[in-house]
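Colleague: Could you walk me through this one? I would like to hear about the helix packing and then the aromatic rings.

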Amino acid sequence: MNRLVFDHVSLRYQDHADSSRLLGDIEDISFAVEGDRVVAVVGKSGSGRDTILRLIAGYIKPDCGRVLWNDLLVDGASPERGVVFHQSALFPWLSVAENIEFGLKLKNMPKTARKQRIAEYLDLLKLTRLASTPMYKVTDYHDMIFVSFARCLVMEPALVLIGDEPLNELNDRFWLRLHKLLEAYWNKTRSMIVLATSNVDDALLMASEIHVLRGRPGRIARSFQSDFNEKAKVDGLESVRASRDFRDACREIVSLII
């Protein structure tokens, strides 16, 4: 069973105006997540939500405390912890399929298995029509974002990390498509998924566990369990969004963030 632990984690950074002064980014963050849960870290800009993602990914290290993945100290990046980057991280000179294949090549997956896996994820993300298209010729912004998701998900990491940018830049129609995609991926792999977002609706509809950040440096103001994702499977997303319970939960979280 997968397990993610933040054990009294703090991170500070140098003040550009005064190099002798350290400013807080996050302060004394502690939580533990087990199994195949979908978790959201919610907060406004500057609260440290993206810092938490970078710490989990292993791109940066905390000043104090520990980040553990499956009881081992996170001490660098790992293919076990996949990150959905902004579309600008894609290689424009490679085709859509070659971008998606990139990580599998580095992993030395046999060619036949690679082709089969790529075809599966092209179909899952409705990108098959673009498979041979160079990225610089892909003009639809939403397609670019879905290629970014495909390049991460095709690796089938045990932990998927999703930042604010890919989520916030989707309109409602494509957001519903992404929601269904992530649900299908989660049903297939039972991976843990961690979202860092400022969108309270996204957090409540996608995650079963929510940690709300407040202040600067960011601290956990409150943690919630959410069943709106399960309700949406029965009643539909729009019905749940319109419900009084959902709107009340949104207001409560927004009040904590502000």
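**Around helix H10**

Modeller: The buried residues of H10 are covered by, among others, strand E3 (38–42), helix H7 (200–206), strand E9 (209–214), strand E10 (219–225), helix H8 (228–235) and helix H9 (237–242), where contact means heavy atoms within 4.5 Å. This is a predicted model, in which local features need pLDDT of at least 70, side-chain atom pairs count only at pLDDT 80 or more, and totals for chains, interfaces and linings use all residues. Residues are numbered from 1 along each chain as its sequence is written, and side-chain values use heavy atoms, with hydrogens and water left out.

Colleague: Which residues of H10 are buried?

Modeller: They are Phe246, Ala249, Cys250, Ile253, Leu256 and Ile257, buried meaning under 20% relative accessible area, exposed over 50% and partly exposed in between (1.4 Å probe, protein chains only). They cover an arc of only 125° around the axis, which puts them on the same side of H10; the arc is that of the directions from the helix axis to the C-beta atoms. On the other side of H10, Arg244 and Arg251 are exposed.

Colleague: Changing topic, how many aromatic pairs are there?

Modeller: Searching the whole structure gives 5 aromatic pairs, counting rings of Phe, Tyr and Trp (its six-membered ring) whose centres lie within 6.5 Å, with planes under 30 degrees apart called stacked, over 60 edge-to-face and the rest tilted. Phe6 and Phe31 make a stacked pair, 4.8 Å centre to centre with 10° between the planes.

Colleague: Where do Phe6 and Phe31 lie?

Modeller: Phe6 is in strand E1 (residues 3–14) and Phe31 in strand E2 (residues 22–34), so the pair ties together parts that are 25 residues apart in sequence; helices (H or I, at least four residues) and strands (E, at least two) are DSSP runs, numbered from the N terminus.
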